[in-house]
Protein chains: 4
Amino acid sequence: MDRLKEECGVFGIFNNKDAASLTALGLHALQHRGQEACGIITCDEKKFFYERRLGLVSDNFTKDKVLKNLVGKHAIGHNRYSTSGNNLVKNVQPFYADLHDGGIAIAHNGNLSNALNLRKELVRNGSIFQTTSDTETIVQLIAKSNRSKMIDKIIDTLFKIQGGYALTILMNNELIGIRDPFGIRPLVLGKLNKSYVLASETCAFDIIGAKFLREIENGEIIIINKNGFKSIKPFPKIKERPCIFEYIYFSRPDSIIKNKSFYEYRKKMGAQLAKESHFKADLIIPVPDSGVPAAIGYAEEIKNNLELGIIRNHYVGRTFIEPTQQIRSLGVKLKHNVNKSLIKDKSVILIDDSLVRGTTSVKILKMLYENGAREVHLKIASPPIKYPDYYGVDTPNKNELLAATHNLEEMRKFINATSLQFLSIEGLYKSMGFEKRDSAYPQFTDHCFTGEYPIEPLDANNKNSINKKVSLISSNA
Amino acid sequence: MDRLKEECGVFGIFNNKDAASLTALGLHALQHRGQEACGIITCDEKKFFYERRLGLVSDNFTKDKVLKNLVGKHAIGHNRYSTSGNNLVKNVQPFYADLHDGGIAIAHNGNLSNALNLRKELVRNGSIFQTTSDTETIVQLIAKSNRSKMIDKIIDTLFKIQGGYALTILMNNELIGIRDPFGIRPLVLGKLNKSYVLASETCAFDIIGAKFLREIENGEIIIINKNGFKSIKPFPKIKERPCIFEYIYFSRPDSIIKNKSFYEYRKKMGAQLAKESHFKADLIIPVPDSGVPAAIGYAEEIKNNLELGIIRNHYVGRTFIEPTQQIRSLGVKLKHNVNKSLIKDKSVILIDDSLVRGTTSVKILKMLYENGAREVHLKIASPPIKYPDYYGVDTPNKNELLAATHNLEEMRKFINATSLQFLSIEGLYKSMGFEKRDSAYPQFTDHCFTGEYPIEPLDANNKNSINKKVSLISSNA
Amino acid sequence: MDRLKEECGVFGIFNNKDAASLTALGLHALQHRGQEACGIITCDEKKFFYERRLGLVSDNFTKDKVLKNLVGKHAIGHNRYSTSGNNLVKNVQPFYADLHDGGIAIAHNGNLSNALNLRKELVRNGSIFQTTSDTETIVQLIAKSNRSKMIDKIIDTLFKIQGGYALTILMNNELIGIRDPFGIRPLVLGKLNKSYVLASETCAFDIIGAKFLREIENGEIIIINKNGFKSIKPFPKIKERPCIFEYIYFSRPDSIIKNKSFYEYRKKMGAQLAKESHFKADLIIPVPDSGVPAAIGYAEEIKNNLELGIIRNHYVGRTFIEPTQQIRSLGVKLKHNVNKSLIKDKSVILIDDSLVRGTTSVKILKMLYENGAREVHLKIASPPIKYPDYYGVDTPNKNELLAATHNLEEMRKFINATSLQFLSIEGLYKSMGFEKRDSAYPQFTDHCFTGEYPIEPLDANNKNSINKKVSLISSNA
Amino acid sequence: MDRLKEECGVFGIFNNKDAASLTALGLHALQHRGQEACGIITCDEKKFFYERRLGLVSDNFTKDKVLKNLVGKHAIGHNRYSTSGNNLVKNVQPFYADLHDGGIAIAHNGNLSNALNLRKELVRNGSIFQTTSDTETIVQLIAKSNRSKMIDKIIDTLFKIQGGYALTILMNNELIGIRDPFGIRPLVLGKLNKSYVLASETCAFDIIGAKFLREIENGEIIIINKNGFKSIKPFPKIKERPCIFEYIYFSRPDSIIKNKSFYEYRKKMGAQLAKESHFKADLIIPVPDSGVPAAIGYAEEIKNNLELGIIRNHYVGRTFIEPTQQIRSLGVKLKHNVNKSLIKDKSVILIDDSLVRGTTSVKILKMLYENGAREVHLKIASPPIKYPDYYGVDTPNKNELLAATHNLEEMRKFINATSLQFLSIEGLYKSMGFEKRDSAYPQFTDHCFTGEYPIEPLDANNKNSINKKVSLISSNA
């Protein structure tokens, strides 16, 4: 599908006899953040136990024989969305290393913007990398740090790395949660009875019945051990600037941040979109499922009928990977069908949450027209995406972003919509409860709309050289 | 989940060079009718080619290496929902037999109500059964018929079997579609360029771009060959009486019957439910996804807010089969979560399409209360289910049907709802455009609500003896 | 390899609490009779339990989780060598059928020479065949017999079938062993404590510590039940005429018949070969492993050095099925290597047990010459094979048998041997302790050497029509 | 089985368009040196390509789809016998590392006697180990060396490691072969047309038709590149001292060293054994297959009958890993059966190549007696093993070695032999063509018999601490 992709979900729990099962459940709730692979590492304070699998949590971590290998009362876990085609088991997180002072396991959501530079220097000094992952760079830096205490080795490393990161780290007797200085990637703290829990989103607390305590702050390190938890803030204090796509698309609608569910923020974006256009038609149709909250907000605001004009087929299998040409040509029809008796001869408002390449919109509008729609007015509940991300969101190259190369009218023509409207950037900030965007210190990381990058993307120009560096091609491992 | 289950979807196509791929696509669109297994048989007019698999169509029939084994321009296919735990590959349909006059392949949606009696007599006369399926009884009867022409052997067989059935039959040079005398199970006829197509529902035509021509009538045989198609009606003419659950739940909302989509019928059931109660609350919440159309109808009728108060996790894997006790105890939470900031301290109308055992409703209401709902008014968009089915719908035993053993108030208490309301039987018929139920010749097979069975369920009392008959236990095959 | 192939091994045990494990062991000892697949059916006097697998017994039937599915104190088992490429699980024996009077399972070693005719008639009368196997014909005939007692249905069937067969049959309360009227295929009776045991060879008794009682006689039926065993001989008495290849090649060297091991018969064939030629050379080399007993006999008779001049690689994997062209071109070298420092500049006597197509001999001699052998005198410890078999030995077509199309000198040239010698047919009979071959009533089924077939091979000319009959092509099942 | 185990086979080829296929063939010929896993790395001078598998070469590396992933004209390969139960894919060799100056792949046969000390220091300085293998220590040392040229980094490393090793190393443009200073582990050089080849034994040259040039000398480095090969000898010159077990048991009988096949050395050991005892009996029986060459030598020397009194079952599957108690109790019978009609009431000489724990001998003698042997005289064609190895031979702990804890008469009683004889240490040296053992500078590494270790086994006392170091338990990876 033509969407932005999140690059991971993380989870951690300390001091619970069902650590592995609870981690599996937490990862299941976070599955939307990464569906290619999942891994869990547990620790019984002496040894670490590891299971990692390609595929869904619910296909891999529900069996007794898998869970019983994961001994111990502390655990971290990771859901992975692969940015490259390189979906090998050895790239599945968490990463683990036997250091001189004991084992350390790390799960990482995000992307470092200077990993390549760091890696080159490490290799020059004799470090052997097993993967092409940013996360291994973090591990190697920790191993090489000549500070004596583990927490100091970690802080030492944080001062070297740049970019977006939410980390859960497991050592013999401690679970650590870390969020980058801008808080670009999310991480929340919860409690289940006497056990502290870390997760990318609060929905992972709901599934296990844990209580949501608070967000980890930007630049904060939370150290959990037998004595409870303590907070360290090694960086100079700056304003948080979380990734705006968590609000628009990534986070599950039932996860909560700043006292509201993401469903509510998205309904507001739809309502704001209605306020900015005041446009009615015969009926309003969401692109399922991501456009539904905004469509409900739009319909409610403007008192227009909401209808399920597009039906989604939930049975698109996970191995739909070698389709024949015939099947491929059907494209979007494998996933969607139009409710044709509803839309015949109608003027339709079609609502989606975002527009990336525009290729899926083209297919959906074509399908609507073929089934008799008279007019299709496409409304996008976020601003045009014009710039790529480098901190953990998988965006296409700039020249593949429709809004980077087309103006509004060109986009409308490309998609063949009767009309096309985006939510304004100011409208977006209003939907989230701000009067306006603070142009000096923006409240969110929103460079994909504005081009204002919070951190210089050092590796970006060197992207090709990174790939050249991978000189081992292996079909297994 | 606590639902009625359909026992299959069928498909057939004649004279198309992409017969196998198109059948795979048709089965993919019909996946909701059976998710355990699927099979396709093709014919090149000399030989038959067979692939059958456990699992989804999209996981099994999208690969070139599978499809290229399926040679020939004619094909039939089948999606299976297993009524027993017996999900062996050898039970996967279509069934095939080498008869004296050539091969014959049969895909069957439905259930025979006298299969056991027929089977016993066949075995007594030397027939060897390979499976426990009704469908094999049909095949064995055809093989044993002493009529000389194949079509006569088939008609001979139809006069012996009783129950609900929609059949697609493939022979060397002919594709046949058959619907039982009451038309209990559905079958529709379509055309893709010069190729005739058969399917359980019209959504299978949409995915391949075929045109919907008409329903196969109750008791009708359609014979498709090089010369086009012809219709035979061997039975005395009676009024059709299709299964009412196709309208309430089974068929895909975008499939069309009598010029309307099932989505529209279901929206009408929701609207009728509103008319029968005139009840408003703080917000209306559908049980996703099956309660959504009725909830939209209800909300629109009564001008009440519709909200996504329950969020569904789409990543429940297909191998969620060996959950640990811990995971099992979480029950419904693996699939659903409550949007808690929405429902806190609210009075809620919860809408679902039907109520079977009530066990899922119990869990969902519990979850709503735990997340702060003040009142939960449960509204069911169909009447109470009091009687089991024997013609192709998988219903629990009568004593497991909540409405068979509890009156309305007892049900309300069991579920712990603030109030409980069902759609009336007359309201149900109204939603489908009838003034009233014709008590002499009911327009639908509705015995699950009324106890009026159209055909005597001969085998029903002997059900145990059937199972005893299965004396081979095999973990493979 | 260029060898004749046996078509199966059978086993049966009655009334032993470890029936399944003992059957697995028996089949392991009989593995040389069929390596493609194996199956076991057990019976607890109420139900039958079945496991069948492609591959070796020791890879499939040693795990607790497999054996524990095989409940009951009675069992039969089967090792299969597939004559066609059709190695599907559904063709794996034993065969099972639910008859009116209960279940019946059959394992069959041998081949019927009139199966096609019988099958055609059965299909014409409404029998549905699931496989292309002869054995299913036996099962269908039993099902169709209108005799009332099971043993009479079986005898009824025996009078219809022709060819070579050793059968083990399991019913609720009885285990039956049957050998064809000529005793072409072998079957022996043993006892383990209180349990009677049936097997193709005595080596299957040794592995489980059972005592060898006697051979089942030609045309004899042994019925084993709670009361012990009884013998029925429904056919007119004729002289036995077992397959001579059991002595030359098929049976394991440690199996015993008429008080001698097959190793001893084969050593005698080697000694007789020496007596017929009186030829010495620098050293004697067996083709491993089949030529070793004859080579020991030859060397001992003529006082010549025996040396392991050819070393066999035991690690030829079972999935050596998709070799590249490069690997394929190496042919015999994957399995054998020459001990080159031994044979350099030497005159060598090379001894093998039989010669079929001659293709392997060509490669072995080439390899010997390339490694420096000066002369290679090839001696075959059996007569030239000129005629195909139809009773259970997989022979190539007549025109592929080297001796059917070449005289001795032509064969020598083809193989490029310095000299070539076969054991005489009279010498073969002498090695087995007979003064001479009884030309009126030959003591063995030896038509491959003599062309004297004991039973007319009815289906042989119709072989193509059988294959045409198989009209379902399935990659699974 | 009760045997010593080799710890690996290595192979390498430079500049051949079929490098991967030829390596697969070479590894197939070396399969006896390690049957648990195999791996091949190829190089196209830019990238490296890797396939590694658990199981046999012939089950894994014969398929086109595997071999075609292995691009390039240079390759190394490795067969692995796992010393621990830790048979994970990630431990499969060759090992690979991306160093600053390019990739390097290493395959290693042998064992380092100071790996633990080296590893501890590396970890202390920030190296992250992925495995528990000695070989990774070599790789990490190379990565850390601050010499600038790769060959110097390698030599730097050789001066740090101690023990037995034969290495094949592949870099972008060079293939390197190295043998430890004593030449404990073997390595030979060959040529196939214009391509140089390295292998553990000459049998790997025979299978691909390569010419055997010479042994790599002890302490020698052979560097193969486009310009041919050159030899470097960085160590002070000392006398070679190869592992004597290569002669007694490990190497394939058809491999050649010092102009003779190992078959011939072993026949001589058998003949020498006969000279040391002059003992005859009714017949001589080898323990198959390892005792056969010595038995032929013994029989020929003393003019006594050699007979195949024990028959080996070649079908012992590779997954015979979860046997039931019943199957386990049968022990040796799964692999061997006695040719009982041969040995009944006979006095037997039983010949084997070596005696380790004695447990298998106990079972074989028991089996012989049970089948009627009157006397069994056990003769071992090598001296008593009293000391464990640390340079690449997997020996049991000292207290499990029968000869370490029992004198000759105690051993005879333990095994229940009528008499027991070992080859003398001087006799062993004579069999290999030496007048006597040079006690000052022994010609072979023979500490298992004599206790004279050529290198101090530094890690030996710390063995437990190594295992404690492994703190990650993973069922996959």
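In chain A, buried residues make up 55% of the 477 residues; buried here means that 20 or more other C-beta atoms, placed from the backbone, lie within 10 Å of a residue's own. This is a predicted model, where local features need pLDDT of at least 70 and side-chain atom pairs count only at pLDDT 80 or more, while totals for chains, interfaces and linings use all residues. Residues are numbered from 1 along each chain as its sequence is written, and chains are lettered from A in the order in which they are written.

Chain A has 18 helices and 24 strands, taken as DSSP runs (H or I, at least four residues, for helices; E, at least two, for strands) numbered from the N terminus. Its radius of gyration is 23 Å, close to the 23 Å of the globule rule for 477 residues, so chain A is as compact as a globular protein of that length. That radius is taken over C-alpha atoms, and the rule is 2.2 Å times the number of residues to the power 0.38.

Now for a helix pair in chain C.

| Helix | Residues |
|---|---|
| α9 of chain C | 262-277 |
| α10 of chain C | 292-302 |

The axes of α9(C) and α10(C) lie 7 Å apart at an angle of about 45°, with axes fitted to C-alpha atoms over the stretch in contact and angles running from 0 to 180 degrees between N-to-C directions.

Over at the interface, 55 residues of chain D are in contact with 55 residues of chain C, contact meaning C-beta atoms, placed from the backbone, within 7 Å. The chain D side divides into 24 nonpolar, 18 polar and 13 charged residues. Nonpolar covers Ala, Val, Leu, Ile, Met, Phe, Trp, Tyr, Cys and Pro, charged covers Asp, Glu, Lys and Arg, and the others, Gly among them, are polar.

Notes. Two residues are in contact if their C-beta atoms, placed from the backbone, lie within 7 Å. A residue is buried if 20 or more other C-beta atoms lie within 10 Å of its own, exposed if 12 or fewer, and partly exposed in between; C-beta atoms are placed from the backbone.
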